[in-house]
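Hello,

Here is the structure I promised to hand over. Please look through it first, then read my notes below.

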Amino acid sequence: MAHVEPAHLVELALRNTPPTDDDAEALRHVERCDRCRDELRMMTRVVTAARSAELVDLPTAPPERVWQRITQGLSRESAPPRPPPRPLGRSAKRKLLVALALAVVAGSVVAGGVARHMLKRNV
């Protein structure tokens, strides 16, 4: 049985394009295959979480005293501590969140490919 390619499962989870005949065939396979169904379910959860995340879900910058302690701990000289990095703007935070979500999906695709390759080697 040929499983659905991880990249195709990602496309199905993203649902960015109208369904094709290939998508219908892949979904028929997913209905019968526990492994592909679990992968699609996991990827769909990641996409849903990334799309529903809000700016309040992102971590906030730590207080000034934390940066000062870090700087003091790393500095061997008595130089004044460096100012903390500037906080990210709203659009930069959104881009970071999308990039992180895509990295998770890409990691899942790579891990699925590696696992499939390892399974084929062991069979």
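**What I found**

The protein chain exposes about 9600 Å², and carbon and sulfur atoms supply 58% of that area. Accessible areas come from the Shrake-Rupley method with a 1.4 Å probe; for residues, only the protein chains shown count as cover.

Some ground rules. This is a predicted model: local features need pLDDT of at least 70, side-chain atom pairs count only at pLDDT 80 or more, and totals for chains, interfaces and linings use all residues. Residues are numbered from 1 along each chain as its sequence is written, and side-chain values use heavy atoms, with hydrogens and water left out.

**Overall fold**

The protein chain has 5 helices and 0 strands. Its pattern along the sequence is α-α-α-α-α. Helices (H or I, at least four residues) and strands (E, at least two) are DSSP runs, numbered from the N terminus. Of the 123 residues, 24% are buried. Buried means under 20% relative accessible area, exposed over 50%, and partly exposed in between (1.4 Å probe, protein chains only). Take the contacts (heavy atoms within 4.5 Å) with a separation of 6 or more: residues 24 or more positions apart account for 71% of them.

**The core**

The largest nonpolar core has 15 residues. Val 4, Leu 9, Val 30 and Leu 40 have the most contacts inside it. Helix H1 (6–14), helix H2 (21–32) and helix H3 (34–52) each supply at least two residues of this core. A nonpolar core is a set of buried Ala, Val, Leu, Ile, Met, Phe, Trp, Tyr and Cys residues joined through side-chain atoms within 4.5 Å. Val 30 touches Val 4, Leu 9, Cys 36, Arg 37 and Leu 40, leaving aside its neighbours within four places in sequence.

**The cysteines**

A disulfide is a pair of cysteine sulfur atoms within 2.5 Å. By this rule the count is 0 disulfides. Cys 33 is buried, at 6% relative accessible area. Cys 36 is buried too, at 1%.

**A surface patch**

Leu 88, Leu 96 and Leu 100 make a nonpolar surface patch of about 270 Å². Like charges are joined within 9 Å, and nonpolar side chains (Val, Leu, Ile, Met, Phe, Trp, Tyr) within 5 Å. Leu 96 sits in helix H5 (residues 90–122). Leu 96 counts as partly exposed because its relative accessibility is 40%.

Best wishes

How values were computed: Patch = residues over 30% accessible without salt bridge, like charges linked within 9 Å, V, L, I, M, F, W, Y side chains within 5 Å. Salt bridge = Lys/Arg side-chain N within 4 Å of Asp/Glu carboxyl O.
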